Amino acid sequence: MIIRDVMYLTKEEERMLDGEYGNAVKKSMEILTALGDIYGAQNLIKVGSVQIAGVSYHNLGDAGLEFLDELAKDGRVRVITTLNPAGMDLENWRNLGISEEFAKKQKLVIEAFRKMGIIVSCTCTPYLIGNLPRYREHIAWAESSAVTFANSVIGAMTNREGGPSALAAAFIGKTPMYGLHLEKNRIPDIHVEVNTELKKFSDWGALGHCIGKNANNKIPYITGIKEAGLEELKSFCASVVTYGSKPLFYIKGITPGSEKHETPKEKITVTKEDIKKAYDEINDDIDTIEFVCVGCPHSSIKEISQVAGLLKDKKVSPDVEFWVATSRPVKHLSDIRGYTKIIEDAGGKFACDTCLAVAPLKGRFKSVATTSAKGCYYSRGKNNMLTKLGNLEECINAAVSGKWS
Ligand code: F3S
């Protein structure tokens, strides 16, 4: 081992930093050592997988594309690496109203990632399509909802990486050992007692809003919840981290590790009134809906089956654009099961590889209804839409009638 100012590097890592392994590896080591030094990491640790965010051309622009092209010249990933949603459905983009010009640029972005050896999965639920870490595995994931799911529901260990640091970890196969890679930083520090029943699916998004806003970047230890399915947990993960909590929580009796931690002394309580207040803050005062999107985070096959069940023998209003956002492998399952035909016959559209936050939607719709509190946050903040958060039945009703009732 060679001693540096803060972080130790092996001889091989030193050579990587010196440029012996090419430009992409050198740049990656510069990023990782800078991060490690800033955060006081003692060394780099191997990671089992990487999830890359920053895929949409809408967010990257030409500067981002040039950066990726440069890295793709000699950068190849060393571990299983998957991609977050892109700015469009890579096959069906025309049907979603994406311009030729945007599609051309987005395809170049995807080609750069493909050249690096990355699986162009284009989903924020990599854990549903085969990138499933094991308990206590070190990983380097970007995408806040996936990071929170990996840490809290699976019990893997990852910091919330940015696009460049995740890519650097993929090229080296390692990440600096700091933050949530250390057990001492994974201890919950605020007790959240949920003193109300979560009656409908979207209540999980509202709960995430309440806890995220009040947790002040702490790790919540949540009590009072009796059961939670995968879909509820993935929705909650997206919401709680979007609105301000660390990308790790424990739910007593439900998520791994909750049994070994003591209940923190600092305590907040979530009541029925708090959930109502969260809806009041998320929802705008509108009754006409132009855009409905379910699948934030990307839909599971169970959620798609529910959409198909609710849309059967109905028609989406001609005044509404209705998207089911999901990963391509899950869409294939939907094709096999016949759900796709039901949804498309009703006038719904599948938005694979993309989502309501990273597609170039600004200016296209004035209002959106969605099952996702995170979806509302980005639709309002980034795309200037008026928002309604509701459960699937309410969203399907809005898609069919063009009204929020
Ligand atoms: Fe995923 Fe996009 Fe929502 S990345 S969590 S569907 S905002």
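Me: What is the strand order in the open sheet of four strands, and which way does the pairing run?

Reply: Happy to start there. In this predicted model, the order is E3-E2-E4-E5, and the pairing is parallel.

Me: What makes E3 and E5 the edge strands?

Reply: Strand E3 (80–83) and strand E5 (160–161) each pair on one side only.

Me: Good. Now to another strand: which residues of E8 point one way, and which the other?

Reply: In strand E8 (residues 220–223), Pro-220 and Ile-222 point one way, while Tyr-221 and Thr-223 point the other way. All of these are buried.

Me: What makes E7 and E8 a pair?

Reply: Two bridges would be enough, and strand E7 (residues 190–194) pairs with E8 over four bridges, in the parallel sense. Ile-190 stands opposite Pro-220 in E8.

Me: Why is the crossover from E8 to E9 called right-handed?

Reply: The name applies because, with the strands pointing away from the viewer, the path from the first strand over the helix to the second runs clockwise. Here the chain goes from E8 through helix H8 (residues 230–242) to E9, and the crossover is right-handed. E8 and strand E9 (residues 250–251) are joined by two bridges and run parallel, with Tyr-250 in E9 as the bridge partner of Tyr-221.

Me: Last one, on H11: how do you know that its buried residues line one face?

Reply: The buried residues of helix H11 (residues 328–337) are Arg-328, Val-330, Lys-331 and Ser-334. Seen down the axis of H11, they fall within an arc of 155°, so they line one face of the helix. Ile-336 and Arg-337, on the other side of H11, are exposed.

Me: What covers the buried residues of H11?

Reply: The cover includes strand E11 (291–299), helix H10 (301–311), strand E12 (321–326), helix H12 (339–345) and strand E13 (349–352). Just after H11, Gly-338 has a positive phi of about 90°.

How values were computed: Residues are numbered from 1 along each chain as its sequence is written. This is a predicted model: local features need pLDDT of at least 70, side-chain atom pairs count only at pLDDT 80 or more; totals for chains, interfaces and linings use all residues. Side-chain values use heavy atoms; hydrogens and water are left out. Buried means under 20% relative accessible area, exposed over 50%, partly exposed in between (1.4 Å probe, protein chains only). The arc is that of the directions from the helix axis to the C-beta atoms. Contact means heavy atoms within 4.5 Å.
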